[in-house]
Amino acid sequence: MMARQVSAGGVFKAVVHALFKSARQTFCMIGLGVCLLPGAYAQEADFGLNLDVQQKDSTFVTRASFTLPLEYCQAWQFLVDYDSARNIPGVVESKSQRVADNKVRVERVMQDKILFFPIKMRSVIDYTELPNKGTDFVQVEGETKSYRGTWRLVPEGDATVFQY
């Protein structure tokens, strides 16, 4: 297949929509604070999206990965561009504040409908940036009981695998 230029919003919305739709009830999308860099190149909608959501007791465990045609440095910028989360469907507001050299506090407001009922959620998440590795995050305030996780970046040729 020939590589073609795709809209940054198109690639990002497709990936986020797939993740969001599959794990909507877990509200796991609060921490997805990434935005695709403009002008990225990709194969015809082949991002190697893998998604697994399992319930363990009263907790949902979500694992996801996808590949984007970004060099590692571009992928890192993609990952830590917290305020661009406003481009994610359902995110109404996103504000970030650096609290230490490798820590960022992000406040987000999300709005969506579940079974025709409007849901509005607020969350404050602390991200710890681990250069050359990814980020760890934990919710410090918000409507959900608990929300934490990691993003890892794995270089793979001319692309980078994002692991959630």
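**Salt bridges, core and surface of the predicted model**

Arg122 is partly exposed, at 29% relative accessibility. Here buried means under 20% relative accessible area and exposed means over 50%, with partly exposed in between (1.4 Å probe, protein chains only). The model is predicted: local features need pLDDT of at least 70, side-chain atom pairs count only at pLDDT 80 or more, and totals for chains, interfaces and linings use all residues. Residues are numbered from 1 along each chain as its sequence is written, and side-chain values use heavy atoms, with hydrogens and water left out.

Confidence was considered next. The pLDDT, the predictor's confidence in each residue from 0 to 100, averages 78 over the chain. A score of at least 70 is reached by 72% of the residues. Residues 1–44 stay under 50. For this stretch the model has 108 contacts beyond four places in sequence, a contact being heavy atoms within 4.5 Å. Where pLDDT is low, the predicted coordinates should not be read in detail.

Charged pairs were then examined. Side chains of opposite charge can pair when their charged atoms come close. A salt bridge requires a side-chain nitrogen of Lys or Arg within 4 Å of a carboxyl oxygen of Asp or Glu. Six were found in the whole structure. In one of them, Glu107 meets Arg122 at 2.9 Å, N to O. Glu107 belongs to strand β6 and Arg122 to strand β7, so this pair ties together parts 15 residues apart in sequence. Helices (H or I, at least four residues) and strands (E, at least two) are DSSP runs, numbered from the N terminus. Glu107 is partly exposed, at 27% relative accessibility.

Arg122 also forms a salt bridge with Glu141, at 3.1 Å, N to O. Glu141 sits in strand β8 (residues 134–142) and Arg122 in β7, so the pair ties together parts 19 residues apart in sequence. Glu141 is partly exposed, with a relative accessible area of 39%. Asp136 and Arg152 form another salt bridge, their closest N and O atoms being 2.7 Å apart. This pair links distant parts of the chain, with Asp136 in strand β8 and Arg152 in strand β9, 16 residues apart. Asp136 is partly exposed at 26% relative accessibility, whereas Arg152 is buried at 17%. Through shared partners, salt bridges join Glu107, Arg122 and Glu141 into one network.

The nonpolar interior was examined in turn. A nonpolar core is a set of buried Ala, Val, Leu, Ile, Met, Phe, Trp, Tyr and Cys residues joined through side-chain atoms within 4.5 Å. The largest such core has 22 residues. Leu68, Phe137, Trp151, Leu153 and Phe162 touch the most other members. At least two residues each come from β4, α2, β6 (103–114), β7 (117–130) and β9 (148–156). Helix α2 gives the most, with five residues. Beyond four places in sequence, Phe137 touches residues including Ile125, Tyr127, Tyr147, Trp151 and Tyr164.

Two loops complete the picture. Leu70 lies in the loop between β4 (59–68) and α2 (72–79). Leu70 is buried, at 2% relative accessibility. Leu115, by contrast, is exposed, at 68% relative accessible area. Leu115 lies in the loop between β6 and β7. With Phe116 and Phe117, Leu115 forms a nonpolar surface patch of about 470 Å² accessible area.

Conventions: Patch = residues over 30% accessible without salt bridge, like charges linked within 9 Å, V, L, I, M, F, W, Y side chains within 5 Å. Areas by Shrake-Rupley, 256 points an atom, 1.4 Å probe, with all protein chains shown as cover.
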